[in-house]
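Dear colleague,

Please find below the structure that I am handing over to you.

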Amino acid sequence: MAAVIGIWREIERTVIKLSTEQKTANEETTASMRPMIVLSGPTAVGKTKLSIALAKAVGGEIISADSMQVYRHMDIGSAKITREEMQGVPHHMIDVLEPWEEFSVAVFKEMCEQCLSGIYERGHIPIITGGTGFYVQALLRDIDFLDENFVPQSAFPAILSWSKDSLPIKDARKKEKTDIPDIMNNQNTDNHDIHENRNIRTFLEQTAEEKGPAYLHELLKQADPLSAELIHANNIKRTIRALEYFYLTGEPISSHNKREREKPSAYLSCYFVLNDLRERIYEKIEQRVDGMLRQGLVTEVEKLRQMGCHRGMTSMQGLGYKEILTYLEGETTLEEAVKLIKRDTRHFAKRQLTWFRREKEVIWVNKNEFDYDEDRILEFMIDKLRENGILPRKEQSDFVPSIYLFSGPCGCGKTTLTNAWAKKLVNEGKRKQIYVIHGDDFHAGFVEPDFKDAFFEDGQPVDILEWEEILKFNWECILDTAGRVLARGLDVAVDYVVEDELPLMRQLAETYQAKLYYVVLTAEEETIRQRIAGRGDVEMTERALFLKNKLDHMAENQGHLFDTTQKTAEQELTEMNMESFLLQREIKGGDTAQGES
C-alpha cells in the first residue's frame, strides 16, 4: 500500500496553496484548477467502503451525491452510512433535511458549493460519492439552473392558451417570444383566473390534477419530444419542470441539458465509476433489501407515516419507502412490496449504468478485472489521479517525514522524553516545527464521576464506554491527528502505550512514506514505583508493572528498549541514538524497508 497512498501530505499543501492563490485570482479561471474526485456507480456495488479507503489515502472529505441520504429519519431504506463506517472521515450532505422538505438538483448544487468552500480552505480534496448521476453532473460541470421562483408575467398568456386541439409549437426556438399569442385580456381562459395563478408551476400542477398526467405529458410531447421520451408520463414533477422551462426560455429543456452536458468540467477532476458483473450487482441488491427488512425498514416507514409523511412528498418516492408505504396502507402484501423493491432497484441500477455510459471522460473501475482485490483497485485509482494531475507524482517531493513513537508503561517517563526530544529537534534547527501527540490527552477527554459506583446499576455498567472502545477511540484520534500533521509536512512525536497497535503505526508510516522510529521505554521496578508514587497515582502501579513485564518480553520490542532508570531527561537525550531505533525507513519510489532491529 505504501506505493499506492503515500501522497496525502503533498496534496494538502498543494490544495492549500491553490486555495490561497484563488482568493486573489479570477474565480472562473481558478475554479477549474480545484481538484475534485468523483466516485459513482450503480447501487449496492460497494462505493461507500471504497470511498473511505480513498479519502484516507488522499486526505479527502466526502460529499454524498445521494438524493435520499440528505433526509433525517430515513436511515435504513437509504442505506445511509453510519458513524462507525465513516471511520473519522468527514462527510457532508447527509442528514441535512427533514423528510417533508423539498430537495432538487439545484438545491443540491447550492448546498454542495457551500461545503466545497470549507473543504478547500482545510486543504482537502472533495470526493463526490453516490449514484445520482444528474447530481454529480450538475456539480462537476457547474450546470446553471434557472431561478425557480421567478416567472415573468409574459409567460402566462401562452400557458392559458393551451388546449388539447391547440397544442404549443414544437420548436419555440424558431419563433420570437412576441409570436406567443397575447390573451392577457381574453376572458375565455378556461375559467382560470390569471391573477390567482401567478406561478407557472402552480398552474401546471392544477392542470395535472384536473386533466391528469397523460394530458400534461401530451403537451410535453408537442413542446419537447425528446424529453417526453425520457420522462415517464406518470412523473408529473419532471414533466412540469420541462414544460415550465420551455415556456420560460423558449427552448426545449432537452436542448439545454445537451448543451450543459457538453460543458467541460469546472474542476480538475477524475470521474470513477465502480462497476461489477450484472449478476453480482443483482445478488447484492437482493442481500441489501433482505438486510434492510431485518434492520427494521417497515418500522422506519411506519414512524415516518406517524410523523405525517405521505407518498406525495419527494422523500417518500425513494426506493423502498414508496413500496412499504403501499403495504402499510393496505394496498399490497409485504411479500409483494418486497418483490417490487427488488425489481425496481434492479431496474434503477440498469438506468444508472445507462447514464454513466453517456458521460464523458468516465474511468470505469470493473471490480472483476481486479479479482476483487481492494488494494489493487485503490492503487489503480491513485495512479489515475496522478496521471490527471490531481495528486502529485512521486518524484515531486524530496521531503521524508518522520514519526517518533515512544511507548512504555506508566512511570518510565514517556511524556517527559517525548517533549524533550521534540524540543531538541527544533532547537538544533533540524526541524522548524514538530507536533507532539500525548495519547493520554484523548483519554482525559472522557469526564467521569468521582464515585465509580455511579457507573453501575444492579451490578451492570451503564452509560459508559467499555475500555476496549475507549482504547479504540484513542488510537483513532492519534492516527487521524498524526496523519493530518504529516500531510502538512511536519514530523510527529507520539507517546502512548503500544501493545497490539504497532501494525497501525507501520501502516501510517507507509501511507505517508515516512520513517518510523520506535522507542520502548522501560525502568527497574523500584524506579517505576517511586515515580508513580511521586505523581500520586499509586493505583496505577500494578498496571504499570504488568505492562513493563509484557512490553519487555514482546518480540517486536527487542532492539527497541531504552532503560530510563535513575536518568534525567538530559541524560536520556545524550545516551539515546535515535537512528538505532529506526523501525521502518522510506525508500524512494514509495516502498519501505525495515530497520535493522
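**Salt bridges**

Across the whole structure, which is a predicted model, a search finds 30 salt bridges.

Helix H10 covers residues 213-223, and the two partners are 3 residues apart in it, so about one helical turn separates them. Glutamate 218 has a relative accessible area of 27% and is therefore partly exposed. Lysine 221 also counts as partly exposed, because its relative accessibility is 41%.

In helix H15 (residues 297-306), glutamate 302 and arginine 305 lie 3 residues apart, about one turn of the helix. These two residues form a salt bridge, with 3.4 Å between the closest N and O atoms. With a relative accessible area of 25%, glutamate 302 is partly exposed. Arginine 305 is partly exposed as well, at 32% relative accessibility.

Helix H23 (residues 525-535) holds both glutamate 525 and arginine 529, which are 4 residues apart, about one turn of the helix. Their side chains meet in a salt bridge of 3.2 Å, taken from N to O. At 40% relative accessibility, glutamate 525 counts as partly exposed; arginine 529, with a relative accessible area of 32%, is likewise partly exposed.

Elsewhere, salt bridges with shared partners link Glu286, Asp290, Lys342 and Arg346 into one network.

**A glutamate in a loop**

Where does glutamate 98 lie? Its place is the loop between strand S3 (91-92) and helix H6 (105-121). Is glutamate 98 buried or exposed? The relative accessible area of glutamate 98 is 18%, so this residue is buried, the cut-off for buried being under 20%.

Which residues does glutamate 98 touch, leaving aside those up to four places away in sequence? They are Tyr71, Arg72 and His73. With histidine 73, glutamate 98 also makes a polar contact between side chains, at 3.0 Å.

With kind regards

Conventions. Residues numbered from 1 in each chain as written. Predicted model: local features only at pLDDT ≥ 70, side-chain atom pairs only at ≥ 80, totals over all residues. Heavy atoms only, no water. Salt bridge = Lys/Arg side-chain N within 4 Å of Asp/Glu carboxyl O. Helix = DSSP H or I, 4+ residues; strand = E, 2+ residues; numbered from the N terminus. Buried < 20%, exposed > 50% of the residue type's maximum accessible area, 1.4 Å probe, protein only. Polar contact = N/O pair within 3.5 Å; in protein donor to acceptor, adjacent residues only side chain to side chain. Contact = heavy atoms within 4.5 Å.
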